[in-house]
Amino acid sequence: SGDGGSPAIWECPLCLAELTPDDFCELNACGHRACITCFQHYLRVEITESRVCISCPECLEPMHPNEIKSILSNPALFEKYEDFMVRRVLAVDPDTRWCPAPDCNFAVIASECASCPKLRCERPGCHSYFCYHCKAEWHPNQTCDAARAQRSPNLRSSSVAYSQDSQHRDDIKPCPRCQVLIVKMDDGSCNHMMCAVCGAEFCWLCMKEINDLHFLRKKKILWQLGTLVGAPIGIALVAGITVPAMVI
């Protein structure tokens with residue numbers, strides 16, 4: 001605060017700059033405040049990295065979408081944020097199917113379509129047909145397995161090209177729930193992954209959704225085997241020590 005007629009000065013907790021109160025904004029949920037420039041930079045990074053549940057940069061209190069919109073002042077970037085929110089909701093819907101056509105991210109809510117699996121993308125300019133079951137392009141007079149086998153030579157050739165070039169690029173795999181591509185740096189980090197779009201937690205090695213016990217399973221089995229093998233030996237040792245002591 002200033003003395004006399006001098007204006008009040010606040011310090012931003014993020015960049016430590018000393019600015020006037022007009023350069024700050026305060027969050028309604030938690031009351032934390034920072035300069036508008038820092039908030040805008042923080043939101044740009046979070047949205048660019050496809051994060052949907054954006055919280056206060058100083059605590060874990062979630063920010064309201066209306067508050068994000070007013071602080072961001074970037075309609076194009078906020079539209080991308082809204083797309084991520086919609087995609088996250090659709091990703092957990094078991095009836096959602098994404099159009100497999102190139103450069104098309106249109107979703108179809110296909111409820112009760114298992115008996116009639118031919119779906120049509122309703123995006124203007126696309127109108128591609130695809131299968132409800134295998135989620136690939138429509139394959140008339142073919143089962144999903146037969147169509148998958150027919151596509152396998154192309155998949156094998158592309159996988160060979162990828163493996164030849166894999167030493168020059170990072171590993172890229174699709175999320176097992178929403179199919180968004182995820183990059184994992186080859187730095188020896190943990191294989192427990194979480195999709196920033198749909199929130200799915202999965203194993204990078206087996207690409208299946210998991211919980212925290214997934215990575216403890218092998219250790220648990222080894223511990224159980226060790227217990228089964230070690231218990232008789234321990235009992236025999238204790239008995240061998242106890243019996244002579246009782247005789248004496």
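Is F24 buried or exposed? Select F24 and check: F24 is buried, with a relative accessible area of 9%. One thing to keep in mind as you click around is that this is a predicted model.

**Stop 1: the aromatic pairs**

Searching the whole structure turns up 2 aromatic pairs. W10 and F24 make an edge-to-face pair, with 5.5 Å from centre to centre and 70° between the planes. Colour by secondary structure and you'll see that this pair links distant parts of the chain: W10 belongs to strand 1 (residues 10–11) and F24 to strand 3 (residues 24–26), 14 residues apart. While F24 is buried, W10 is partly exposed, at a relative accessible area of 27%.

Now jump to F78 and Y81. This pair is tilted, at 5.7 Å centre to centre and 40° between the planes. F78 and Y81 are 3 residues apart in helix 3 (residues 75–91), so about one helical turn separates them. Check the surface here too: F78 is buried, and so is Y81.

**Stop 2: charges over rings**

The charged end of R33 sits over the ring of W10, 3.7 Å from the ring's centre. So W10 has F24 as an aromatic partner, plus an arginine over its ring.

There is another case to look at: select K118 and Y129. K118 lies over the face of Y129, 4.6 Å from the ring centre.

**Stop 3: the largest pocket**

Turn on your pocket display. The largest pocket has a volume of about 820 Å³. It is lined by 27 residues, and those closest to its centre are R87, W98, C178, Q179 and V180. Which elements give two or more residues to this lining? They are helix 3 and strand 5 (96–98). Helix 3 gives the most, with 7 residues. If you colour the lining by residue type, expect 16 nonpolar, 4 polar and 7 charged residues.

**Stop 4**

Strand 9 (residues 171–174) and strand 10 (residues 181–184) pair in the antiparallel sense, over 4 bridges. To find your bearings, pick K173, which stands opposite I182 in strand 10.

In a regular strand, side chains alternate between the two faces of the sheet.

**Stop 5**

For S50, phi is near 65°, a positive value in a residue other than glycine. You'll find S50 in the loop between helix 1 (36–48) and helix 2 (65–72).

Then select H127, where phi is positive at about 55° although H127 is not a glycine. H127 is in the loop between strand 7 (118–120) and strand 8 (129–131). Is H127 fully buried there, or partly exposed? At 33% relative accessibility, H127 counts as partly exposed.

Terms used
Residues are numbered from 1 along each chain as its sequence is written. This is a predicted model: local features need pLDDT of at least 70, side-chain atom pairs count only at pLDDT 80 or more; totals for chains, interfaces and linings use all residues. Side-chain values use heavy atoms; hydrogens and water are left out. Rings of Phe, Tyr and Trp (its six-membered ring) pair if their centres lie within 6.5 Å; planes under 30 degrees apart count as stacked, over 60 as edge-to-face and the rest as tilted. Buried means under 20% relative accessible area, exposed over 50%, partly exposed in between (1.4 Å probe, protein chains only). A charge sits over a ring if NZ of Lys or CZ of Arg is within 6 Å of the ring centre and within 35 degrees of the ring normal. On a 1 Å grid over the protein atoms alone, a cavity is a set of points where a 1.4 Å probe fits but cannot get out, and a pocket is an open set with protein on both sides within 12 Å along at least five of seven lines; lining residues have an atom within 4 Å of a point. Grid points are joined across faces, edges and corners, and a volume is the space filled by probe spheres set on the points. Ala, Val, Leu, Ile, Met, Phe, Trp, Tyr, Cys and Pro count as nonpolar, Asp, Glu, Lys and Arg as charged, and the others, Gly among them, as polar. Two strands pair if DSSP finds at least two bridges between them.
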